Amino acid sequence: MAARAYWKGQIRLALVSIPVEIYAATKSGAAISFRQIHEPSGKPVKYEKVVPGIGPIDTDDIVKGYETSKGNYVLLDEEEIEAVKLESKRTLELLQFVDASDIDILYYAKPYYVVPADELAEEAYIVLREALKRTKKVGLGQLSVRGQEQLVGLRPCGKGLVLEVLRYADEVNKAANYFRDVGSSKPDADLLDLAETLIEKKSGKFDASDYHNHYVDAIKRVVAKKAKAKGKRVIEDVEEPGPVGGGSNVIDLMAALKASVDGKKKAAASKAKTTPAKKAPAKKTAERKRA
(Lines give C-alpha, C1' and ligand atoms only; values in the text may rest on other atoms or scores of the structure.)
Protein backbone atom coordinates (compact mmCIF):
# COMPACT_ATOMS: atom_id res chain seq x y z
CA MET A 1 0.00 0.00 0.00
CA ALA A 2 1.45 3.36 -1.05
CA ALA A 3 2.17 5.89 1.68
CA ARG A 4 -0.41 8.63 2.07
CA ALA A 5 0.85 12.19 1.68
CA TYR A 6 0.63 14.33 4.80
CA TRP A 7 0.39 17.48 2.67
CA LYS A 8 0.30 18.38 -1.00
CA GLY A 9 0.97 21.85 -2.32
CA GLN A 10 3.79 24.06 -3.46
CA ILE A 11 6.86 25.62 -1.92
CA ARG A 12 7.18 29.23 -2.94
CA LEU A 13 10.42 31.18 -3.02
CA ALA A 14 9.72 34.70 -4.25
CA LEU A 15 8.19 34.14 -7.72
CA VAL A 16 9.27 30.49 -7.98
CA SER A 17 6.72 27.80 -7.06
CA ILE A 18 7.68 24.12 -6.68
CA PRO A 19 4.86 21.53 -6.50
CA VAL A 20 5.71 19.00 -3.77
CA GLU A 21 4.29 16.22 -1.64
CA ILE A 22 5.18 15.72 2.02
CA TYR A 23 5.36 12.29 3.70
CA ALA A 24 6.01 11.24 7.30
CA ALA A 25 9.67 10.31 7.78
CA THR A 26 9.20 8.39 11.03
CA LYS A 27 6.97 5.61 12.37
CA SER A 28 6.19 4.13 15.76
CA GLY A 29 6.89 0.53 14.79
CA ALA A 30 9.14 -0.16 17.79
CA ALA A 31 6.60 0.99 20.39
CA ILE A 32 4.97 -1.55 22.70
CA SER A 33 1.42 -0.83 23.88
CA PHE A 34 -0.75 -2.73 26.34
CA ARG A 35 -4.52 -2.96 26.78
CA GLN A 36 -6.14 -3.25 30.19
CA ILE A 37 -7.97 -6.61 30.38
CA HIS A 38 -10.61 -7.85 32.83
CA GLU A 39 -8.82 -11.05 33.95
CA PRO A 40 -11.85 -13.22 34.87
CA SER A 41 -13.51 -12.67 31.47
CA GLY A 42 -10.46 -11.89 29.32
CA LYS A 43 -12.27 -8.93 27.76
CA PRO A 44 -10.79 -5.42 27.27
CA VAL A 45 -11.75 -2.70 29.75
CA LYS A 46 -13.70 0.26 28.39
CA TYR A 47 -14.11 3.65 29.99
CA GLU A 48 -17.25 5.67 30.57
CA LYS A 49 -17.48 9.45 30.60
CA VAL A 50 -18.17 10.27 34.26
CA VAL A 51 -18.85 13.58 36.03
CA PRO A 52 -17.96 13.68 39.77
CA GLY A 53 -21.14 13.68 41.84
CA ILE A 54 -23.34 12.91 38.82
CA GLY A 55 -22.04 9.68 37.33
CA PRO A 56 -22.00 8.44 33.70
CA ILE A 57 -23.20 11.01 31.14
CA ASP A 58 -24.23 11.12 27.49
CA THR A 59 -21.42 12.09 25.08
CA ASP A 60 -23.85 14.51 23.37
CA ASP A 61 -23.78 16.65 26.51
CA ILE A 62 -20.01 17.18 26.32
CA VAL A 63 -18.58 20.49 25.10
CA LYS A 64 -15.03 21.83 25.09
CA GLY A 65 -13.87 24.22 27.77
CA TYR A 66 -10.76 26.33 28.36
CA GLU A 67 -9.69 26.69 32.00
CA THR A 68 -9.13 30.38 32.78
CA SER A 69 -8.51 29.79 36.50
CA LYS A 70 -8.73 26.88 38.92
CA GLY A 71 -12.17 25.30 38.39
CA ASN A 72 -13.40 28.07 36.06
CA TYR A 73 -13.95 27.33 32.37
CA VAL A 74 -14.99 29.22 29.26
CA LEU A 75 -17.20 26.89 27.21
CA LEU A 76 -16.86 26.78 23.42
CA ASP A 77 -18.98 24.90 20.93
CA GLU A 78 -17.67 23.34 17.72
CA GLU A 79 -18.84 26.22 15.51
CA GLU A 80 -16.93 28.78 17.58
CA ILE A 81 -13.76 26.68 17.37
CA GLU A 82 -14.15 26.00 13.66
CA ALA A 83 -14.58 29.74 12.99
CA VAL A 84 -11.01 30.51 14.11
CA LYS A 85 -9.32 27.55 12.41
CA LEU A 86 -6.95 28.55 9.66
CA GLU A 87 -7.71 27.55 6.13
CA SER A 88 -5.41 24.75 5.00
CA LYS A 89 -3.32 26.58 2.45
CA ARG A 90 -1.63 24.79 -0.40
CA THR A 91 1.40 27.06 -0.38
CA LEU A 92 4.41 27.03 1.92
CA GLU A 93 6.21 30.33 1.52
CA LEU A 94 9.84 30.43 2.62
CA LEU A 95 9.99 33.66 4.61
CA GLN A 96 13.53 33.56 6.01
CA PHE A 97 16.79 31.63 5.80
CA VAL A 98 19.00 30.99 8.83
CA ASP A 99 22.21 29.09 9.52
CA ALA A 100 21.46 25.46 10.37
CA SER A 101 23.58 25.80 13.54
CA ASP A 102 21.35 28.66 14.77
CA ILE A 103 18.41 26.33 15.43
CA ASP A 104 18.81 24.56 18.76
CA ILE A 105 18.10 20.82 18.71
CA LEU A 106 15.32 21.39 21.28
CA TYR A 107 13.16 23.09 18.63
CA TYR A 108 13.08 20.11 16.26
CA ALA A 109 9.84 18.15 16.73
CA LYS A 110 9.07 15.88 13.75
CA PRO A 111 10.61 15.29 10.29
CA TYR A 112 8.87 14.83 6.93
CA TYR A 113 10.23 13.89 3.52
CA VAL A 114 9.59 16.45 0.79
CA VAL A 115 9.53 15.11 -2.78
CA PRO A 116 8.80 16.81 -6.12
CA ALA A 117 5.20 16.25 -7.25
CA ASP A 118 6.16 15.53 -10.86
CA GLU A 119 9.03 15.66 -13.36
CA LEU A 120 8.35 19.29 -14.21
CA ALA A 121 8.96 20.28 -10.58
CA GLU A 122 12.21 18.33 -10.30
CA GLU A 123 14.51 20.95 -11.83
CA ALA A 124 13.46 23.73 -9.46
CA TYR A 125 13.47 21.24 -6.58
CA ILE A 126 17.11 20.29 -7.25
CA VAL A 127 18.14 23.94 -7.59
CA LEU A 128 16.63 24.72 -4.16
CA ARG A 129 18.27 21.64 -2.61
CA GLU A 130 21.73 22.51 -3.91
CA ALA A 131 21.37 26.19 -2.97
CA LEU A 132 20.55 25.20 0.62
CA LYS A 133 23.53 22.83 0.67
CA ARG A 134 25.99 25.44 -0.60
CA THR A 135 24.78 28.18 1.73
CA LYS A 136 24.29 25.77 4.71
CA LYS A 137 20.96 27.45 5.39
CA VAL A 138 17.55 26.31 6.58
CA GLY A 139 14.44 27.85 5.02
CA LEU A 140 11.73 28.86 7.51
CA GLY A 141 8.01 29.16 6.90
CA GLN A 142 4.60 28.45 8.44
CA LEU A 143 2.47 25.58 7.22
CA SER A 144 -1.32 25.57 7.69
CA VAL A 145 -2.55 22.00 8.18
CA ARG A 146 -5.81 20.79 9.73
CA GLY A 147 -6.75 24.21 10.98
CA GLN A 148 -3.49 24.91 12.80
CA GLU A 149 -0.30 26.70 11.84
CA GLN A 150 3.04 24.97 12.23
CA LEU A 151 6.46 26.56 12.21
CA VAL A 152 8.65 24.52 9.84
CA GLY A 153 12.21 24.41 8.59
CA LEU A 154 13.31 23.10 5.18
CA ARG A 155 16.80 21.65 4.78
CA PRO A 156 18.66 19.35 2.38
CA CYS A 157 18.98 15.64 3.13
CA GLY A 158 20.99 13.52 0.71
CA LYS A 159 19.25 13.65 -2.69
CA GLY A 160 16.14 15.25 -1.24
CA LEU A 161 14.70 17.79 1.17
CA VAL A 162 13.43 17.29 4.70
CA LEU A 163 10.81 19.48 6.33
CA GLU A 164 11.14 19.68 10.11
CA VAL A 165 8.18 20.76 12.24
CA LEU A 166 9.67 23.16 14.78
CA ARG A 167 8.44 24.02 18.26
CA TYR A 168 7.41 27.59 19.01
CA ALA A 169 9.37 29.49 21.68
CA ASP A 170 6.68 29.03 24.35
CA GLU A 171 6.85 25.24 23.89
CA VAL A 172 10.48 24.98 25.04
CA ASN A 173 11.54 25.25 28.68
CA LYS A 174 14.42 27.64 29.33
CA ALA A 175 17.65 25.72 29.92
CA ALA A 176 18.79 28.28 32.50
CA ASN A 177 16.04 27.09 34.86
CA TYR A 178 17.70 23.67 35.04
CA PHE A 179 21.41 24.45 34.67
CA ARG A 180 21.70 27.44 36.99
CA ASP A 181 23.37 25.41 39.78
CA VAL A 182 25.90 23.71 37.46
CA GLY A 183 29.42 25.05 38.01
CA SER A 184 31.16 27.11 35.34
CA SER A 185 34.77 26.44 36.40
CA LYS A 186 37.17 24.87 33.90
CA PRO A 187 38.05 21.19 34.47
CA ASP A 188 41.54 19.85 35.20
CA ALA A 189 43.58 19.81 31.96
CA ASP A 190 44.72 16.18 32.44
CA LEU A 191 41.16 15.00 33.04
CA LEU A 192 40.02 16.86 29.94
CA ASP A 193 42.79 15.29 27.84
CA LEU A 194 41.84 11.81 29.02
CA ALA A 195 38.16 12.45 28.28
CA GLU A 196 39.00 13.70 24.77
CA THR A 197 41.19 10.63 24.17
CA LEU A 198 38.35 8.35 25.23
CA ILE A 199 35.90 10.17 22.94
CA GLU A 200 38.30 9.87 20.00
CA LYS A 201 38.82 6.18 20.74
CA LYS A 202 35.09 5.51 20.66
CA SER A 203 34.29 7.79 17.72
CA GLY A 204 32.71 6.46 14.55
CA LYS A 205 29.96 7.00 12.00
CA PHE A 206 26.37 6.96 13.21
CA ASP A 207 24.28 3.99 12.06
CA ALA A 208 20.89 3.68 13.75
CA SER A 209 20.70 -0.02 12.81
CA ASP A 210 23.55 -0.68 15.27
CA TYR A 211 21.17 0.02 18.17
CA HIS A 212 18.12 -1.92 19.33
CA ASN A 213 15.43 -1.35 21.93
CA HIS A 214 16.24 -4.22 24.31
CA TYR A 215 13.06 -3.66 26.32
CA VAL A 216 10.88 -4.14 23.23
CA ASP A 217 12.84 -7.26 22.25
CA ALA A 218 12.41 -8.72 25.76
CA ILE A 219 8.66 -7.98 25.83
CA LYS A 220 8.22 -9.72 22.46
CA ARG A 221 10.07 -12.78 23.78
CA VAL A 222 7.86 -12.86 26.88
CA VAL A 223 4.71 -12.56 24.75
CA ALA A 224 5.86 -15.40 22.49
CA LYS A 225 6.71 -17.65 25.47
CA LYS A 226 3.47 -16.80 27.28
CA ALA A 227 1.42 -17.64 24.21
CA LYS A 228 2.99 -21.13 24.19
CA ALA A 229 2.85 -21.55 27.98
CA LYS A 230 -0.98 -21.53 28.01
CA GLY A 231 -1.41 -19.11 30.88
CA LYS A 232 1.62 -20.08 32.97
CA ARG A 233 3.71 -17.24 34.34
CA VAL A 234 6.83 -16.41 32.34
CA ILE A 235 9.75 -14.39 33.73
CA GLU A 236 12.32 -13.05 31.28
CA ASP A 237 15.86 -12.68 32.69
CA VAL A 238 17.41 -9.40 31.60
CA GLU A 239 21.07 -8.74 32.29
CA GLU A 240 21.76 -5.40 33.92
CA PRO A 241 25.16 -3.68 34.24
CA GLY A 242 26.87 -4.21 37.57
CA PRO A 243 27.78 -1.42 40.00
CA VAL A 244 30.70 0.85 39.08
CA GLY A 245 33.82 0.56 41.23
CA GLY A 246 32.71 -2.54 43.16
CA GLY A 247 29.59 -0.88 44.55
CA SER A 248 31.32 2.19 45.95
CA ASN A 249 29.62 5.57 45.44
CA VAL A 250 32.99 7.34 45.47
CA ILE A 251 34.60 7.33 42.03
CA ASP A 252 38.19 8.37 41.32
CA LEU A 253 37.55 10.23 38.06
CA MET A 254 41.18 10.19 36.97
CA ALA A 255 41.52 6.44 37.60
CA ALA A 256 38.21 5.71 35.89
CA LEU A 257 39.18 7.69 32.79
CA LYS A 258 42.63 6.09 32.63
CA ALA A 259 41.13 2.63 32.97
CA SER A 260 38.66 3.40 30.18
CA VAL A 261 41.43 4.64 27.88
CA ASP A 262 43.82 1.74 28.66
CA GLY A 263 41.06 -0.79 28.05
CA LYS A 264 42.29 -4.34 27.52
CA LYS A 265 45.91 -3.53 28.39
CA LYS A 266 44.99 -2.60 31.95
CA ALA A 267 42.67 -5.61 32.25
CA ALA A 268 45.43 -7.99 31.10
CA ALA A 269 47.98 -6.48 33.50
CA SER A 270 45.54 -6.73 36.38
CA LYS A 271 44.85 -10.40 35.59
CA ALA A 272 48.57 -11.19 35.52
CA LYS A 273 49.05 -9.68 39.01
CA THR A 274 46.26 -11.74 40.55
CA THR A 275 47.41 -15.11 39.10
CA PRO A 276 50.15 -15.95 41.76
CA ALA A 277 47.69 -15.36 44.58
CA LYS A 278 45.63 -18.37 43.48
CA LYS A 279 48.59 -20.80 44.08
CA ALA A 280 49.03 -19.86 47.76
CA PRO A 281 46.26 -22.12 49.16
CA ALA A 282 47.83 -25.23 47.53
CA LYS A 283 51.16 -24.57 49.30
CA LYS A 284 49.48 -24.28 52.69
CA THR A 285 47.65 -27.56 52.11
CA ALA A 286 50.92 -29.36 51.39
CA GLU A 287 52.52 -28.03 54.66
CA ARG A 288 49.51 -29.26 56.67
CA LYS A 289 49.92 -32.78 55.20
CA ARG A 290 53.59 -32.90 56.28
CA ALA A 291 52.63 -31.91 59.81
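Glu21 is buried but takes part in no salt bridge: Lys8, the nearest side chain of opposite charge, lies 4.1 Å away. Since this is a predicted model, let's read that distance with the cut-off in hand. A salt bridge needs a side-chain nitrogen of Lys or Arg within 4 Å of a carboxyl oxygen of Asp or Glu. Glu21 sits in strand β2 (residues 16–24), and its side chain does have a polar contact, at 2.5 Å, with the side chain of Tyr23.

Now for the charges that do pair up. The structure has five salt bridges. One of them joins Asp99 and Lys137, with 2.5 Å between the closest N and O atoms. This pair ties together distant parts of the chain, 38 residues apart: Asp99 belongs to strand β10 (residues 96–99) and Lys137 to strand β12 (residues 137–145). Asp99 is partly exposed at 31% relative accessible area, and Lys137 is also partly exposed, at 28%.

Next, follow the chain to helix α2 (residues 119–135), where Glu130 and Lys133 lie three residues apart, about one turn of the helix. Their side chains form a salt bridge at 3.8 Å, N to O. Glu130 also meets Arg129 in a salt bridge, at 2.8 Å. Arg129 is buried, with a relative accessible area of 12%, whereas Glu130 is partly exposed at 30% and Lys133 is partly exposed at 36%.

Asp193 lies in helix α4 (residues 189–201) and is partly exposed, at 44% relative accessible area.

Notes. Residues are numbered from 1 along each chain as its sequence is written. This is a predicted model: local features need pLDDT of at least 70, side-chain atom pairs count only at pLDDT 80 or more; totals for chains, interfaces and linings use all residues. Side-chain values use heavy atoms; hydrogens and water are left out. Helices (H or I, at least four residues) and strands (E, at least two) are DSSP runs, numbered from the N terminus. Buried means under 20% relative accessible area, exposed over 50%, partly exposed in between (1.4 Å probe, protein chains only). Lys and Arg count as positive and Asp and Glu as negative; His and the chain ends are not counted. A polar contact is a pair of N or O atoms within 3.5 Å; within protein, one must be able to donate a hydrogen and the other to accept it, and residues adjacent in sequence count only if both atoms are side-chain atoms.
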